[in-house]
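Dear colleague,

I am handing over the structure below, and I would be grateful if you could read my notes with the model open beside them.

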Amino acid sequence: MLTSNDIKNGSVVVVDGQLWQVQEFQHVKPGKGGAFVRTKIKNLTSGKTVDKTWNAGAKLEFATVDRSEYQFLYRDGDEFIFMDLTTFDQVMVPASVVGNAANFLLENENAQIAISDGTPLYLELPPSVILEITYTEPGLQGDRSSGGTKPATLETGYEIQVPLFMEEGTKVKVDTRNGEYQGRVTD
């Protein structure tokens with residue numbers, strides 16, 4: 001059995017029979033008293049995030065989680081179908097597990113999926129993806145400054161704010177963690 005000293009970002013621990021993923025952790029050694037580990041953990045079934053503190057060296061149950069590279073094939077209603085790139089097995093991932101990542105998923109894109117006991121727990125995308133703008137209002141002449149933004153719809157249907165000079169058909173780099181525009185991509 002592992003202890004609270006073995007906690008790392010991304011670890012999955014069992015608390016009260018439920019799986020929780022460590023989002024952030026900090027080992028604290030105050031000048032007075034015993035050391036402890038302060039964490040921010042996310043419930044993998046409900047999505048709820050809470051702060052939890054353990055004494056240093058406290059015994060914890062870590063869940064066995066297999067993370068593998070998968071390729072997104074298609075969406076079937078509320079299910080996302082992925083293919084394991086090593087075994088070529090197909091996995092159905094519910095929309096509730098995919099969450100906001102659906103805004104950035106295109107067919108044939110790769111993602112990391114964490115699976116425990118045959119159940120998909122969460123999905124990790126690369127930090128940024130390249131998507132094409134399918135609709136945006138035309139920019140006006142002279143709108144080349146870097147101050148203003150306008151809404152633009154991406155090929156996945158997700159809407160982001162882009163600089164005023166952006167046009168339809170332009171490929172942009174988008175941060176998958178917060179959905180923000182990062183820059184224009186030239187081929």
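Y158 has a relative accessibility of 22% and therefore counts as partly exposed, where buried means under 20% relative accessible area, exposed over 50% and partly exposed in between, with a 1.4 Å probe and protein chains only. F104, at 3% relative accessibility, counts as buried. These two residues form an edge-to-face aromatic pair, with 5.2 Å from centre to centre and 70° between the planes; rings of Phe, Tyr and Trp (its six-membered ring) pair if their centres lie within 6.5 Å, and planes under 30 degrees apart count as stacked, over 60 as edge-to-face and the rest as tilted.

Please keep in mind that this is a predicted model, in which local features need pLDDT of at least 70 and side-chain atom pairs count only at pLDDT 80 or more, while totals for chains, interfaces and linings use all residues. Residues are numbered from 1 along each chain as its sequence is written, and side-chain values use heavy atoms, with hydrogens and water left out.

The structure holds three aromatic pairs. In one of them, the rings of F72 and F82 have centres 5.3 Å apart and planes at 50°, so this pair is tilted. F72 counts as buried at 5% relative accessibility, and F82 is buried as well, with a relative accessible area of 0%. Together with F80, the residues F72 and F82 form one aromatic cluster.

With kind regards
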